[in-house]
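Hi,

Here's the structure I promised to pass on. Have a look at it first, then read on for what turned up.

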Amino acid sequence: MVAPRPVFAIAGGGLAAGRAVERLRELGFDGRLVLLTDEPRLPHERPPLSKQYLRGKLAESRLLVRPAAFYADYAVEVRTSTRVAAVSPSDRTLTLTDGERLPYDRLLLALGSEPVRPAIPGADLPGVATLRTVEDADGIRERLRPGASVLVLGAGFLGSEVAATAREMGCEVHLVEAGDLPLGPLGSVVAAWAADQHRAHGVHVRTATTAIRFEGAGQVEAALLGDGTTIPCQLVVAAVGARPRVQLAQMAGLQVRDGVLVDGACRTSAPEILAAGDIARFPSPGGTKRSEHWDNAQLQGRHAAEAMLGPVPDFSALPYVWTELYGSTVQQLGEWTPTRPALVRGDPASGRFTALQLDGGRLLACVAVNQYPALKWARQVMESGTILDPDKLEEEGPRVWSEPSAGPMTIHLD
Ligand SMILES: Cc1cc2nc3c(=O)[nH]c(=O)nc-3n(C[C@H](O)[C@H](O)[C@H](O)COP(=O)(O)OP(=O)(O)OC[C@H]3O[C@@H](n4cnc5c(N)ncnc54)[C@H](O)[C@@H]3O)c2cc1C
């Protein structure tokens, strides 16, 4: 008798899901492969949604992880606008919202995260938006008219990008941040540079305060801040964080703690169910962590796919994130600790500089602003475990510091 073909189900239609199906076929998995996503389109990328796509400079088709032909050629059954309503680990079956049941041999949860809406009066008024999906970006773009007053709440990566995009589109932009500076987690040098960039481009940056109420008759018209200021606005974009979509996992009895808990092989507490991307909380030196960044989603999606097929080494990847502001690229490699002293090479005013954090001679983190060679060097150093002599960094990195505008190395204490 011929053994039935195994069924691998992938729940989610983001980057982690897209990379997982790609890797499974790449590794020769020839069972049935079903991808279920509640979105109306194929697996796609989100970073352009706050950048080129939001500006109207990128077609929707360019967001796709893979074109439609890929899924047809590799026999991936993609079911769009299909929501998984329940997972039953005991009989290895998932149930869709229309009641259909799908048995699986392995299931990958790649359900991502969802934006947090501020819990303040008026947060549900039309014109108060969050940004996660193509539809969110389309709705926001419609309101980014030249001269429109836009309030962006939260100046992390997403809020800073939206503020920059809105400004580039000719809006009057107010960027409101509860912390001391935009992009604060990247350390005070980069954060101060980011604040200067926003101000130089005409964004009104307000820090150490937040919105306490939105007001309007049938549509947002103003935001009241904690410092007593009232800002008239026709659009609010709330970028105050995201939470992992753990409801399905919780209902299925999986272990959940601000994310679905997984081991180094992306396996959850139910052996046939794995999780990857924004939703997964995975082992990390000193405990566990969750990452809400592009590079992690793609690497973990691939890793989970490998683990669906057999034993794998524990997932390990240098944390990497990038962001774009007014044509500048900011890249971070490693874990940046805002309280640790930083070595800074180059003058932030020149728009090209690099901040490094070391523990003795070990490079822990690098944030490079418009300095690609520096980031490449940092990756080599970190991946090879090279021990640096902090006193000789100037001589040891001549290729890295070759940018003409880079000045001498200085030590900066946060
Ligand atoms: C606007 C924006 C800009 C970004 N820019 C950057 C950047 O510049 N750099 C960077 O490093 N990172 C960036 N990120 C973060 C990065 O895009 C995410 O980390 C990444 O998309 C996570 O991928 P994922 O596959 O884990 O989750 P997601 O992309 O969120 O995908 C999850 C999918 O699961 C679907 N789903 C959820 N529940 C169900 C269900 N019950 N049934 C079926 N389907 C379901 C969702 O609809 C979605 O399709 C950005 C994120 C956003 C939102």
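The radius of gyration here is taken over C-alpha atoms, and the globule rule is 2.2 Å times the number of residues to the power 0.38. Keep in mind that this is a predicted model. For 414 residues, that rule puts a compact globule near 22 Å, and the chain comes out at 23 Å, so the two agree. The C-alpha trace spans about 70 × 60 × 35 Å along its principal axes.

Inside the chain you'll find 9 helices and 27 strands. Of its 414 residues, 43% count as buried. Taking contacts between residues at least 6 apart in sequence, 63% join residues at least 24 apart.

Now for the ligand. There are 36 residues around it, and those coming nearest are Gly 12, Gly 14, Ala 16, Gly 112 and Gly 277. Two or more residues of the shell come from each of α1 (15-26), α7 (294-309) and β22 (320-325). By class, the shell splits into 17 nonpolar, 10 polar and 9 charged residues. Domain 1 (7-114 + 242-309) and domain 2 (128-238) each supply at least three residues to it.

β25 and β26 make a hairpin with 2 residues between them, and Gly 360 in the turn has a positive phi of about 65°.

Cheers

Notes. Residues numbered from 1 in each chain as written. Predicted model: local features only at pLDDT ≥ 70, side-chain atom pairs only at ≥ 80, totals over all residues. Near = placed C-beta within 6 Å. Helix = DSSP H or I, 4+ residues; strand = E, 2+ residues; numbered from the N terminus. Nonpolar A, V, L, I, M, F, W, Y, C, P; charged D, E, K, R; others polar. Domains from an automatic or database assignment. Buried ≥ 20, exposed ≤ 12 C-beta atoms within 10 Å, placed from the backbone. Contact = placed C-beta atoms within 7 Å. Pairing = 2+ DSSP bridges.
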